[in-house]
Amino acid sequence: MKKFRKVLDGLTTSSPGGSTVGSPSCGSAAGTPTAAAPTPREIDVLETLVSENFQLCKTVRHGFPYQPTALAFDPVQKILAIGSRSGGVRILGRPGVDCFCQHESGAAVLQLQFLINEGALVTACADDTLHLWNLRQRRPAILHSLKFNRERITFCHLPFQSKWLYVGTERGNTHIVNIESFVLSGYVIMWNKAIELSTKTHPGPVVHLSDSPKDEGKLLVGFESGTIVQWDLRAKKTDFRIYYDEAIHSASWHHEGKQFMCSHSDGSLTVWNLRNTSKPVQVTFPHGKIQKDGKKESCKPILKVDYKTSRNSEPFVIFSGGLSYDKAGRRPTLTIMHGKAITVLEMDFPIVEFITLCDTPYNNEVQDPFAVVVLLEKDLIVVDLTQSNFPVFENPYPMDVHESPVTCTAYFADCPPDIIPVLYSIGAKHKKTGYSQKEWPVSGGMWTLGSHTYPEIIITGHADGSIKFWDASAITLQMLYKLKTSKVFEKPKQSEGRASELVDEDPFAVQMVSWCPQSRIFCVVGISAHIILYRFSKYDANTQIVALEVRLQCESEDVISPSENENNPCFSEPRSGSHSPQPHQQHPASPGGGTPEGVKDSALCLKVKDRVVRVPPGYQAELVIQLPWLDGEPPQQISSLDINSAYGLLALGNCNGLAVVDYMQKSLLLCMSTLDLYGAADPYQRLTRSPRRNRQSTSGLTELSDNQQSVDMERSKSPTSDHVNGHCTSPTSQLCSAGKPRIPTGPEGPRLARRGPGRPPFRKAQSAACMEISLPVSHTEGYASRRAMLQQLHGVAMYSHDEHHTTCWSERESRENSFSRSRSSSVSSIDRDTKEAITTLQFGESYGRKGDALPTPCLWVGTSLGVILLVPVSIPTDQDERMEEPVTIGPCGTVLMLKGSVLRFGFLDCVGALIQSPYEVWRDPNAPEDPDRPRKRKLVHHSPSSSQDACGEGHLAVVCSERQAKVFLMPSQSCLFVHNITESSFVLRADVVSVSNSVCLACFCANGHVMTLSLPSLRPLMDVSYLPMTDMRIARTFCFTNGGQALYLSSPTEIQRMTYSQEMYDNLQEMLGELFTPIETPEAQNRGFLKGFFGGTAHTFDREELFGEAAAGKGSRSLAQHIPGQAGVEGMKVAASGAVGELARARVALDERGQRLGELEERTALMMTSAESFSKHAHELMLKCKDKKWYQL
């Protein structure tokens, strides 16, 4: 525990040198306090967080396994395993039992085999390695691995209650592995011994292995070419050989072991009887019809067949594929043949694998199948075989996260406890019906609700405009409620003029969400430059949605290209003859100077329904804000959003400027360009070309670094009229773009025939699940690629602070190892024609000016140039006045600065506690009126001064940018601490979060580092190289939340949750489910006397006698290499720096030492056993030779 004591700077003085607000950091050391004159006033902050409070690890993974490849089921434990192409294995049981394992090699999983009721799993990977996983612990670990060197694994088979695994290879050989020791047996079935010597061709890889239900000493081996061999394991010879013309894909035994069925590449099924193997007993083409010329239709291969008998009905024959080639466009099918009835189940996605679930694990008993688990490329379904219509079971797992590609995520921990039941009750009314009434058959494992749980909600936005609310409490995931934003709009028409160019496949795709759980107000930002505001109600209603148009485009005459001022990049001036600086954008002129055909001067991307609509209970749209097309130019995408229910205000920004909307009065309060927000005595002042004169008079960014004192004095002037600085205070005014006249196109201000760098709003939605682009992780990589990445991440073209002011600050920042780059000819046009974007917004109680004595509502604005602007808001306090009187808002001139684009704001009181934004307590807008109890707004304010005792008034503002974090004291605006987060990379996500009853700043960088900094001193607490950045998906979906948790989209279909809290890491074992539960293996059915007499000797087969080292010898060491596993070492071995990394390494070393001690103990026990065996044999030899003479020996 560390106590932080800081003497405040410049609180009682107004001298020019008393503030360092606008200057860059004075050093690159972590948490460097800025130098200033001391004052007698002090602040005491007790920082309780230390490095030992942090530990980074993955917790649980939700969603459907991406690119699945294999499937397995334990019929006794009733757990399911799914392997994937990336080497992952998901093990599923009852709801809550969900475990993810990852092979370090990342090789695709080819096949999975459970050791039934043994708590173990064998995986065969594409790198020709077998792995044995221990499932008797909550986090499975590899016990043994066996790497094949000379042969490639194609098929594996593990008989029930056997410790010998049959492994077929590409060369056609079959090897046998001891599961207990994971070493090869010397017993090998060579392909040239399995086939006839007269055969001139190789039979191909082994595609099937299974032991006969009638006699476990007989092994059925299927080769790809169509050759089938039954191998007598005892006699080491073949019983019969079958040569078929068509390639074999799979085989399945009848439970009596007298016949088996094969599926072939021509879409046929063949049945073979062991009494006569010269030809098949039956050949059927289930989907091949006879054509007019008498020939069969050519059919696709049947990839797998299951032949299952039933006690009370005809056998089931279940197979995938086999459709005729003529039927183009047919969806993948699973066919169920039951007696004479043939049922074809069409699937939405290709079938990867299926398994038939039976009542018994024994293959020599009547199977009685009751369900089929079908693994599709993008779904998992289970079909009920006990009902004639074959309904599917309702899947309890969140397998539909990717139903539409995920485009954004949000994570809320410690939500109000009543919100989850309310959302669930509303969402339950819209659930699908028609599912099987039986219980979900995958019901293994054990899971209980841990003691360290609290309400958590995850929100996902999707490409089709839908929003899903998920209950994420207790590391589970269950869908609560689904909202479709597309219902607010009319369906886009593609037939009118050039409208087809304006309509895209995903016009409703969600870019961003903002949610206030306390007031239940929800905002959605769409890709078509629109915002939808929703209120929650338990009642249905008839409502008419209000549409508000906001014009955030700038004039094309105000275009400023940085290339004009490359000799002085810190200074940008408009061309002579133009008016005050606007955010520069390049507008194309259509041919002939007119607007595009079918597009008017102002056109909306989507049309809001203008009629009264009936809305069901749940989230109901109240207001739609749209940015229109102007003069054929598309609106720039919205890059930032904040909403405050206590103020009734909504703020939005993009690369053109800022707009503030009063959603209670449905009016636009402010609509200004970014540069106009800085304010000046005369916002319409014409600027000359003189750099010297402009440096002294311009209201641009140059003063921020050249003459900070004059800037502060100039910014302190507040607007007094309704339209000063281009903003408006009247709620009836709909547009206040900049308040200046348009200059006609001509010689004075010619239009540029180039399109601005911002993307059109209509395009294929950039799904966070689908983006795969490389990200730079160091400053040595391409500068243009970094800016292009940030463009895709934020949806806008922008400057970053470091590139715009590099030359101005080069001398000052060279001593700080700041991130600097010189412009060169390699810089792309994206970097040259960019603008200052609004990157983050935050409403809160703060001090808009230095002289303010009390906190007032303020809007904090952060830009891509690292500039922070404060915009005070005056809101009527009385409820009746709030709906009638106008809200006044305008920039006050307060400017703070950081390096890099601003990402996040956070506010602390002077004792270091987090200040929550004020909010309105939820009340149902459609509830029946009660005359005795009139409804009033109930506001909850967390004032910065409420917790001040001896500290005096004021609060701390935490600001984080791409490169830097600063802590300011308000209202003095003194910079107390500064920390340069990264020099070689940049921060993608940052948030002020609560961890272990305290507060810290959490950051995620593009180089994959996850960092935490103490507050307010900005001491580094954790820095772990966790996740190497490989694509944009992670960057767009990574988000932190309270309680030391975070999440991101690990694949297009999966959500990965993680924790960086030591407390949660310690409690994780309690929260995870048990995969293995002790269950007695069901006894085999009694075989009658006649069956036992005539049915062979299936139960007298001793594999140990045949495959053991004593009988078969040792396997070839050059063929396969044994690799000992981790034997249950839990936790992540992460490359870390600082005290946490040392602690993690010490823990891992301790675990490894314990592992080695355990292995030593096992070897000691083995030696003792060997010694006892030697003593026993020596004693027997002594007794044998005791009475013999020496010459008889």
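Phe412, Phe469, Tyr481, Trp515, Phe522, Tyr534, Phe536, Tyr619 and Trp922 are joined into a cluster by ring pairs. Rings of Phe, Tyr and Trp (its six-membered ring) pair if their centres lie within 6.5 Å; planes under 30 degrees apart count as stacked, over 60 as edge-to-face and the rest as tilted. The model is predicted: local features need pLDDT of at least 70, side-chain atom pairs count only at pLDDT 80 or more, and totals for chains, interfaces and linings use all residues. Residues are numbered from 1 along each chain as its sequence is written, and side-chain values use heavy atoms, with hydrogens and water left out.

Over the whole structure, the search gives 27 aromatic pairs.

| Pair | Centre to centre | Angle between planes |
|---|---|---|
| Phe469 and Tyr619 | 5.7 Å | 10° |
| Phe1038 and Tyr1048 | 5.8 Å | 5° |

Phe469 belongs to strand β34 (residues 466-471) and Tyr619 to strand β43 (residues 618-626), so this pair links distant parts of the chain, 150 residues apart. Helices (H or I, at least four residues) and strands (E, at least two) are DSSP runs, numbered from the N terminus. Phe469 and Tyr619 are both buried (under 20% relative accessible area, 1.4 Å probe, protein chains only).

Phe1038 is in the loop between α12 (1032-1037) and β64 (1039-1041), and Tyr1048 is in strand β65 (residues 1045-1051), so the pair ties together parts 10 residues apart in sequence. Phe1038 and Tyr1048 are likewise both buried.

Charges also sit over rings (NZ of Lys or CZ of Arg within 6 Å of the ring centre and within 35 degrees of the ring normal). Arg61 lies over the face of Phe100, 3.8 Å from the ring centre. For Arg136, the charged end is over the ring of Phe1076, at 4.1 Å from its centre.

Terms used
Buried means under 20% relative accessible area, exposed over 50%, partly exposed in between (1.4 Å probe, protein chains only).
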